[in-house]
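Visitor: I have a model open and would like to talk it through. Could you take me around it, one region at a time?

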Amino acid sequence: MKTLEELNAVREKIKNRVSIQRDTDSGTRIVVGMATCGIAAGATPVFEALKEEAAGIKDGSVEVTMTGCIGICQFEPVVEVTRPGEEKVTYVKMTAEKAKEVFEKHVIGGQPVVEYSLTDTNFYKKQTRVALRNCGFINPEDIDEYIGVDGYQALAKVITTMTPEDVIKCILDSGLRGRGGAGFPTGRKWDFAAKVKSDKKYVCCNADEGDPGAFMDRSVLEGDPHAVIEAMAIAGYAIGSDEGYIYVRAEYPIAIKRLQIAIDQAHEYGLLGKNIFGTNFSFDIQLRFGAGAFVCGEETALMTSIEGNRGEPRPRPPFPAVKGLFGKPTILNNVETYANVAQIINKGPEWFASMGTEKSKGTKVFALGGKINKTGLVEIPMGTTLREVIEDIGGGIPNGKKFKAAQTGGPSGGCIPASLIDTPMDYESLIAIGSMMGSGGLIVMDEDTCMVDIAKFFLTFTVDESCGKCTPCRVGTMRLLEILNKITSGNGEMEDLDRLEELCNYIKSASLCGLGQTAPNPVLSTLRYFRDEYEAHIRDKKCPAGVCKALLSYTIDPEKCKGCTLCARNCPASAITGTVKQPHVIDPEKCIKCGACMDNCKFGAISRK
Amino acid sequence: MKKKQTTIPFKGTQAQEEKLENLIAKNKDVPGALLPILQGAQEIYGYLPKEVIRIIALRMDKSISEVYGVASFYSQFNLSPKGEYAISICLGTACYVKGSGKIMEEFEKELGISSGETTPDGKFSLNDTRCIGACGLAPVCMINSDVYGRLVPADVKKILDKYR
Amino acid sequence: METVNIKINGRAYSVPKDSTVLEAARYAGVEIPTLCYLKDINEIGACRICLVEVVGARGLVTACVYPVNEGMEIYTNTPKVRESRRMNLELLLSAHNKQCLSCVRSTSCELQKLCHEYGVDETHFRGAMPESSVDESTAFLVRDNSKCILCRRCVAACRNLQEIGAIGTNDRGFDTHIAAAFEKNLADTSCVGCGQCIVACPTGALHEKDDTQRVLDALADPTKHVAICTAPSIRATIGECFDYAPGTDVEGKMVAALKRLGFNGVYDMNLTADLTIVEEATELLERFQNGGVLPMITSCSPGWIKFCEHYFPDMTENLSTCKSPQQMFGAMYKTYYAQKMGIDPKDIFFVSAIPCTAKKFEVTRPDQSAAGVPDVDVAITTRELGRLIKTAGIKFRELPDEKFDAPFDIGSSAGAIFGATGGVMEAALRMAAEVILGKKLEKLDFEDVRGIAGIKRATYKLGDKVVRVAVASGTSNAKKLLNAVRSGEEKVDFIEIMCCPGGCVNGGGQPTQPASVRNTINLREVRAAVLYNDDRNADLRRSHENPAVDIIYKEYLGKPGSHKAHEILHTSYVKRGL
């Protein structure tokens, strides 16, 4: 493929196949969400069943294709059926049998199977899909489908009609900021690297999504890998680089497979490689696999890792834009950041800047999880409030429980308490309340979540993932965790709270890299908003949420106990005594607080305090 | 994270060694080749035996301690052989708040080993893992490449029985 | 030199443009504390003790690696900075074995000094300690991870400076620790015993295996004849143990101190350095004439020998078979001298004082027992010698200058310069040139092989003979040079290799100096200057003219390279591989 005309020819050929409103003369399109979560929920047999059914339609008017994450993880496996001239119908929690029924009744019979379909579409209503535009829509393993939805148009435009300076100005004007952490303006990053003179420069993509509870980047890579490839080539043109690296988690085998397919297909079409679109611009991409180290999400550590070393960060300056990968000027952006680039070029910076808030432009993808009715991937305009995300999109808290807090930014972020549920989700607002955007994990917690335990959970993660290079992070986070353990085991003293704060502040100011500098955030923010819970653990030796084992006590209500002996038989510590048909008693000395009795009691006689 | 050293003797085959040598020869001059080579070697042997680390170091003109330092840094690299069925319990946030700790306890109880260990018959090894990205199905575990979601402790025995 | 204008603690300074904050602060007379930083060797910004405030910077700034820029305002001693340092020390201490009272590095420990300055002696943070392991597997050094602060200076010395990499950083997070691959004992690795890790270590986590008690026991044993000889460079460095500035020659006081310790004889190893030259130059000329294996490589540095055996096992035939001066001394003492004085060699306890940890390994090697007992019983480092003198209560600085004992008191200054890189080469060239030319040289200085460069090369035309020589110090340079020789890219006839960068003056057994000194003074240069100064002022500058050497051949060995000389003064090597 050497010209724009050739690209457009493919686009025209495919366009109708992938458009939402299907013309009457085109056939029926069935897409099956086959990202990791879909496959894990059993999408493969559904896909196979549908393909088998479709094979029976000899005129080829029914097309079954796989796609990336459709977003609504809660209801996987998800199948979407679009008949010519009709609205798309989303079927949820599919099985092979249900799929066959849908095929029979809807695809052939024209009657949607309402009982299997998603009726409550609030999940999608408040979303604006930019980065996820193609996810759950096109077949990620078919470059033609990407081209059919204007793929590689931006690259063509950039290298045939724009100067590198134009490209950088466009990105700058759009207000796009890094979606992976601190929110550094992407255009400025590119500008720095573009201005450094060097025989070799690199464009890197951080796909080492490591925050527990975050899977936005995985979804993009699995659903729309070409968007990242196209954007990296655009970045290469902008800064004067001919080589890119994608550093992707080895734990994402499907993402890796689809990326590799995408790179190969782009090569085949000449959209990667030498002299793209017949110009002097050449660009190639290498895949590198992370090997299980959260710290490699930090830019210098990522580069150190690509270079073949222990993934330890190095001090800055020199900044990567000056001296990065293999000592050469390098830019690094994350997957979601890149996923916005081509559209900014295509639709113009003003379009992008029209979304979001004054300082945070565009949209942000969040992985919504935890104690929420609809878990999944949501993309919202920056500045959408947390309330809208939780109540409108996520459908609130399950089991009638009360919303307690939301955690953003993973181990680097903080907790947003219920009192701040109207906080707009943008970079500055989140920082101001002691959290951060981070890469986009959004974990919802209800009244059964202990905030001290959550702080402990994140610290355990950080201690595990600290690279061990610098003293504050290596030793400091361990000491933080130990103090938290002391508190949750009922041995805390009030001075420990001061010590926690003092140590947190030190680790923040003295650590070598972003991991250490942000590691205390989960502690600081829970201390800030839930100090009373810490104090309850220390002063009253109680865990208000009933989580911290050492502080729990189980008692049997003699009124409710029927003496069925089930609890006693299930107690691993033989701490429950009583005779048949008589109320039983738990010996607190022997009780190991495992909760087995409570899980087994059919009469709700056992309570935990 | 402290890597456990294996005491199980190395049993490499000629074919594996040939694969390893090819892998090294092919990648040796690629910049930053050490990680891909270690990953490839682990694919060949299932883990990174001492003998293999030594060969990699010598061929790449690196000190053995440097290669070992890299291998021991990343949690993906195993220095001891995994079980025939490698069980990983996700302890990511979503799974954790949904009780994956209890699932882990149940596996430990059922198998009689603790996280990071392999059953004496070499059949099962148990590990905790970072988020595998299936948070919607929390809590989840993986056995080799099979994913099991929405687990409750009572599922553990049933799942294990499939592999026993 | 381009400069920038900065302010340090409110006062204006003009400093070189490429300075770091740490270097710039020195212009203001301020030494910012460091723990991990060693200039050019370990610039990793890991320990975080050097953090300072810079106006406008987002957080604290890492002084050791942060470059200055125009208009920068730096504050090195604010409450925030001091609090940060105090906290850092508390955390380090919380994971540190605090048995400081008897620690070998007490008073010279860089961590202890900072704790003292900041009044940190107890930590508020108690918790897990790193898994402690003490590796005493080798004859030469002890690694005690319970005292390690993970500054990684040792790893940098071993991997970057020496390119050996016997130890590295294993595991991660709180479990990060320094060890050999697979947690092996050091004795089972390719560690050559150079001890560069020890002199790099800021704490007591690395130290030589202490043999002073064995010396004290021998001295207290009336049945033993206990003698000691001191290596050429000791006179230039032992003063540092007694607060003399680096580069102070204290030979007279050193001899006086040793005599007060009760040795039966105190001798100068310069003498066997001369003997080595005579044997080695004879061997070289012999290899020249009889088509022996060339290039011939010197064999005085036991760290280098072990390095060759591990990394260049195919080149052990290139090694001179001469024992090192230390071993030659012990061998001569227990054969020739024992015979002459009528002492049973078994009753002799021979000690050598050396700047080297590898020599502790050398004394245990096979084929180093000319009299049927080990040539040398104990090799003690400069540091151990300093401790022996101190614990005996000897007031070193107040001692008179005294002289070595006869008959091993005469050493040429050619032997003295053995202590610096290029010294053996120069001493050998002085003899070889005069033998080949058959006349005395007017100018004895071979400037091309002097200096602290890692690899030095020279070609000399001696009559119709062209001799190509090369000198390397530090095993990384040795590796470079030998790879070139092995591939045929480099053609040389004679090579001097010293294991430690700069030679013995910078040996792993020399007094430790804190980073603040190592980063500002070139110890190799100032210590070597003592030896070259001796040489400049000496009357006896030719090894082959040492009258004491002459007597040894006449009375005992016959002539250089004789059968007897081979029996007593030569040795053999093993091929170790990796």
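**A strand in chain C**

Guide: From β11(C), the residues C:His225, C:Ala227 and C:Cys229 point one way, C:Val226, C:Ile228 and C:Thr230 point the other way, and all are buried. Please note that this is a predicted model.

Visitor: Why is β11 of chain C described as largely enclosed by the rest of the structure?

Guide: Six of the six residues of this strand, 225-230, are buried, so the strand is largely enclosed. As for the two directions, in a regular strand the side chains alternate between the two faces of the sheet.

Visitor: In what sense does β11(C) pair with β14 of chain C, and over how many bridges?

Guide: The pairing of β11(C) with β14 (residues 348-354) of chain C is parallel and runs over six bridges. Within β14(C), C:Ala353 stands opposite C:Thr230. β11(C) also pairs with β12 (residues 265-268) of chain C, in the parallel sense, over four bridges. There, C:Tyr267 in β12(C) is the bridge partner of C:Cys229.

Visitor: Moving to chain B, in what order do the strands of its open sheet run?

Guide: The order is β2-β1-β3-β4 in chain B, four strands with mixed pairing. β2 (124-129) and β4 (146-148) of chain B stand at the edges with a single partner strand each, so one side of each has no neighbour in the sheet. From one strand to the next, the twist averages 20 degrees.

Visitor: How do β1 and β3 of chain B run, parallel or antiparallel?

Guide: They run antiparallel, and three bridges join β1 (residues 85-90) of chain B to β3 (residues 141-143) of chain B. One pair across them is B:Ser88 with its bridge partner B:Met142 in β3(B).

Visitor: Which helix packs on that sheet?

Guide: Helix α6 (residues 100-111) of chain B does, touching β1, β2 and β3 of chain B. The direction of α6 makes about 150 degrees with that of β1(B).

Visitor: How many residues does each of chains A and B bring to their contact?

Guide: Chain B brings 30 residues and chain A brings 39 residues. On the chain B side, the elements giving two or more residues are α2 (34-45), α4 (64-73) and α5 (93-97) of chain B. The largest share, four residues, comes from α5(B). By type, the residues on that side are 19 nonpolar, ten polar and one charged.

Visitor: And chain A itself, how many helices and strands are there?

Guide: Chain A has 25 helices and 17 strands. Its radius of gyration is 27 Å, close to the 25 Å that the globule rule gives for 609 residues, so chain A is as compact as a globular protein of that length. Of the 609 residues of chain A, 59% count as buried.

Visitor: Which residues have the most contacts inside the largest nonpolar core?

Guide: They are A:Val228 and A:Ile234, in a core of 414 residues. Helix α11 (residues 225-239) of chain A gives the largest share of this core, eleven residues. Beyond its neighbours up to four places away in sequence, A:Ile234 touches residues including A:Leu155, A:Val167 and A:Ile345.

Methods. Residues numbered from 1 in each chain as written. Chains lettered and ligands numbered in written order. Predicted model: local features only at pLDDT ≥ 70, side-chain atom pairs only at ≥ 80, totals over all residues. Contact = placed C-beta atoms within 7 Å. Nonpolar A, V, L, I, M, F, W, Y, C, P; charged D, E, K, R; others polar. Core = buried A, V, L, I, M, F, W, Y, C linked by C-beta atoms within 7 Å. Buried ≥ 20, exposed ≤ 12 C-beta atoms within 10 Å, placed from the backbone. Rg over C-alpha atoms; globule rule 2.2 N^0.38 Å. Pairing = 2+ DSSP bridges. Axes fitted to C-alpha atoms, helices over the stretch in contact; angles between N-to-C directions.
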